[in-house]
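Me: I've got a new structure open and I'd like to learn how to read it. Can you walk me through it?

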Amino acid sequence: MDAVTSPTPDAPTRTASALPADHPLSRGITTDAPLLAAYRGEKPSSRPVWFMRQAGRSLPEYRALRVGVGMLESCVRPELAAEITLQPVRRHGVDAGIFFSDIVVPLKLAGIDVDIVAGTGPVVAHPIRTAADVAALPELDPEQLGPITDAVRICVEELGSTPLIGFAGAPFTLASYLVEGGPSREHLRTKALMHADPDTWDALASWVARTTATFLRAQVLAGASAAQLFDSWAGGLSLDNYTRFAAPYSARVLDAVADLPVPRVHFGVGTSELLVAMKDAGATVIGVDHRLRLDTANERLGGSTPLQGNIDPALLFAGDDALHRHAAEVVRQGESAPGHVLNLGHGVPPDTDPEVLTRLVAYLHELP
Ligand code: 1CP
């Protein structure tokens, strides 16, 4: 194999030929950003940090913009979605923007009757539970993603050398909302469907994989410099069930951007036993939640995969001394991996004091 033209999964190529000429990576604007260097397993010029759910309710400027505007409505107004994406970058000085949208946005744009209900999360009007329900699902046409690609273009123009991370929800997590009809703790109906009617599960997970892959690829082509797949609820599956019913469909989504020279980050909650399978699905970076030490995660992954994570979000409420001590320990454990991007073990809780986050970023940037 020719090492230049055939990148290994751990080392995305730095050539940007598969991207449009005006993409930040084609223009070399974000190529050497600390985030991307760490994602490639190289030594970054400074320690990169960003936070999952850094945009949103912890920021008063977000709450002000959202007055009278529904969550999904805000995602399809390009100027608004771009402004919300930029708010935490300006305020905290983080090393990446995460595109402001939601994992259910491509479902909504495809024509599914889904809404995000304040205080609850995504709610699906007509849950998808039978072969007939699945057969009636509408195909997403990339043309329907105009508001998304417009918003991404505004974001990358404003972000300059700070990379934008595009994202999508993984098929298992998204299918769980479709089958359950809303947020669920145990995903009982979803897991029952897999075993009771594997053909219908295959058709549903295949539809979700196509739809969410279209959403992810559109963001990367429009200017995102990295892609993250969120399989938030995969930790509810055993390794056997994950490998059989979830990983093949996540692999299709990651494969949909594998020809593009962007890192592919794969994250889930409670996925300590699934990390190797999540990497084998085609990820180049693994996001680790706060339940597993990063040095242990690195060992499980064979020491060849850059990691992202995993400050416990609860420590954001423990005072700066305890938080910074914990963060320094996470940094130390992350040093075992070929590359490390600081993040939380899950999203920023809505009632977090944003100044705690700003001080945490400054502390991490100053740490020797
Ligand atoms: O800064 C950012 O990260 C903003 C972009 C973003 C992302 C990456 C949002 C905006 N949502 C997501 C991903 C997302 N959405 C995930 C994966 C990440 C995770 O595990 O946190 C999931 C599971 C969802 C589904 C969802 N949307 C929930 C969870 C519900 C549950 O099942 O517990 C919720 C509460 C939402 C609404 C939502 N999405 C985003 C925001 C800012 C909000 C809150 C809406 C509001 O302001 O009222």
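Me: Let's start with one residue. Which residues does phenylalanine 230 touch, leaving out those up to four places away in sequence?

Reply: Keep in mind that this is a predicted model. In it, phenylalanine 230 touches Met52, Ile98, Phe167, Ala168, Gly169, Ala170, Thr173 and Phe267.

Me: Is phenylalanine 230 buried or exposed?

Reply: For that, look at the relative accessible area: under 20% counts as buried. Phenylalanine 230 has 13%, so it is buried. The residue lies in strand S5.

Me: How far apart are phenylalanine 230 and phenylalanine 172, in sequence and in space?

Reply: They are 58 residues apart along the sequence, and their C-alpha atoms are 9.8 Å apart in space.

Me: Now the strands. How do they pair up?

Reply: Strands of a sheet pair through backbone hydrogen bonds, and they can run parallel or antiparallel. Here, 7 strands make an open sheet with parallel pairing, and the order is S1-S4-S5-S6-S7-S8-S9. Strand S1 (97-98) and strand S9 (340-344) are at the edges with a single partner strand each, so one side of each has no neighbour in the sheet.

Me: What joins S5 to S6?

Reply: There are 4 bridges between S5 (residues 226-230) and S6, and the two run parallel.

Me: Which way do the side chains of S6 point?

Reply: The general idea is that side chains in a regular strand alternate between the two faces of the sheet. In S6 (residues 264-267), Arg264 and His266 point one way, Val265 and Phe267 point the other way, and all are buried.

Me: Which strands does helix H14 touch?

Reply: Helix H14 (residues 320-334) packs on the sheet and touches S8 and S9. The direction of H14 makes about 155° with that of S8.

Definitions and conventions. Residues are numbered from 1 along each chain as its sequence is written. This is a predicted model: local features need pLDDT of at least 70, side-chain atom pairs count only at pLDDT 80 or more; totals for chains, interfaces and linings use all residues. Side-chain values use heavy atoms; hydrogens and water are left out. Buried means under 20% relative accessible area, exposed over 50%, partly exposed in between (1.4 Å probe, protein chains only). Two strands pair if DSSP finds at least two bridges between them. Contact means heavy atoms within 4.5 Å. Axes are lines fitted to C-alpha atoms, for helices over the stretch in contact, and angles run from 0 to 180 degrees between N-to-C directions.
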